[in-house]
Amino acid sequence: MVMKLYGLDISTCTRRAAVVMHEKKVPFEFVNVDLFKGENKSPEYLAKQPFGQVPYLDDDGFILYESRAIARYIATKYADQGTPLIPKDMKAQALMDQAISVEISDFNEYAEKAVAEMIFKPMRGMTPDKAIFDKLIAALEMKLDVYEKILSKQKYLAGNEITIADLFHLPYGSMLSAAGSDIMESKPNVKRWFHDISSRPSWMAVKDGVKTHSG
């Protein structure tokens with residue numbers, strides 16, 4: 001049975017899961033969930049995703065939510081298919097886990113809030129606060145100074161092979177320019193790395209919206 005990915009086609013987290021499914025050449029049916037109509041708060045939806053968030057995956061009755069968990073599940077289940085995204089060596093995998101933790105704590109923590117301030121707030125009819133945005137970008141720049149040092153020594157965050165840790169940066173990293181910051185272009189090694197991952201066919205396939213994928 002073909003997997004089903006439930007989510008909003010343009011949501012950051014839905015695209016985070018979908019880009020890994022494309023990298024692994026996994027066919028899936030995409031089921032769009034209209035958050036603006038509250039479909040994610042229906043009893044049927046909450047029975048699958050009790051937090052009422054997107055996305056969730058249905059793999060022949062096995063239900064999994066949280067985009068990073070979905071991505072890791074896909075990359076593990078289809079380890080020998082498509083792009084290898086999880087190292088087999090224990091130490092290399094530990095470095096990937098370290099990079100995932102960095103993405104959550106030192107990148108997403110600031111990038112998500114910055115994008116929310118300048119893009120998501122206006123979508124909800126709220127007024128963005130440029131001072132808050134500038135403060136978040138300044139904090140993110142300090143974190144990216146460390147990224148720059150790491151990426152001066154290796155091609156990707158966990159070594160010289162791409163992993164899911166790199167791909168996890170794509171949804172919010174790609175929205176920072178639209179939010180009003182060129183921070184991903186401001187440091188040579190960060191720029192090289194982000195251009196590398198954001199030009200991959202998998203991201204091109206989902207960056208403007210997730211669709212059903214034939215594999």
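Glu-117 sits in helix α4 (helices are DSSP runs of H or I with at least four residues, strands are runs of E with at least two, both numbered from the N terminus). The model here is a predicted one, so local features need pLDDT of at least 70 and side-chain atom pairs count only at pLDDT 80 or more, while totals for chains, interfaces and linings use all residues. Residues are numbered from 1 along each chain as its sequence is written, and side-chain values use heavy atoms, with hydrogens and water left out.

Is Glu-117 buried or exposed? Glu-117 is buried, at 7% relative accessible area (buried is under 20%, exposed is over 50%, and partly exposed is in between, with a 1.4 Å probe and protein chains only). Setting aside neighbours within four places in sequence, the contacts of Glu-117 include Pro-122, Thr-127 and Phe-133 (contact means heavy atoms within 4.5 Å).

On the domain 1 side 13 residues make contact with 19 residues of domain 2.

About 1300 Å² is buried between domain 1 and domain 2, and carbon and sulfur atoms give 64% of that (buried area is the accessible area, with a 1.4 Å probe, that two parts lose on being put together, summed over both). Three salt bridges turn up across this interface (a side-chain nitrogen of Lys or Arg within 4 Å of a carboxyl oxygen of Asp or Glu).

## Salt bridges

The count for salt bridges comes to 13. One of them joins Arg-200 and Glu-23, with the closest N and O atoms 2.6 Å apart.

Asp-59 is buried at 9% relative accessible area, whereas Lys-77 counts as partly exposed at 42%. Arg-72 and Asp-97 also meet in a salt bridge (2.7 Å, N to O), and Glu-141, Asp-145 and Lys-187 are linked in a salt-bridge network.

## Rings

How many aromatic pairs are there? The count is seven (rings of Phe, Tyr and Trp, the last by its six-membered ring, pair if their centres lie within 6.5 Å; planes under 30 degrees apart are stacked, over 60 edge-to-face, and the rest tilted). Take Phe-107 and Tyr-147: their ring centres are 6.2 Å apart and their planes are at 40°, so this pair is tilted. Phe-107 is in helix α4 (residues 90–123) and Tyr-147 in helix α5 (residues 130–151), so the pair ties together parts 40 residues apart in sequence.

Phe-107 is buried at 0% relative accessible area, and Tyr-147 is buried at 2%. Ring pairs also link Phe-107 and Tyr-147 with Trp-193 and Phe-194 in a cluster. Elsewhere, Arg-68 lies over the face of Phe-168, 5.9 Å from the ring centre (the rule asks for NZ of Lys or CZ of Arg within 6 Å of the ring centre and within 35 degrees of the ring normal).
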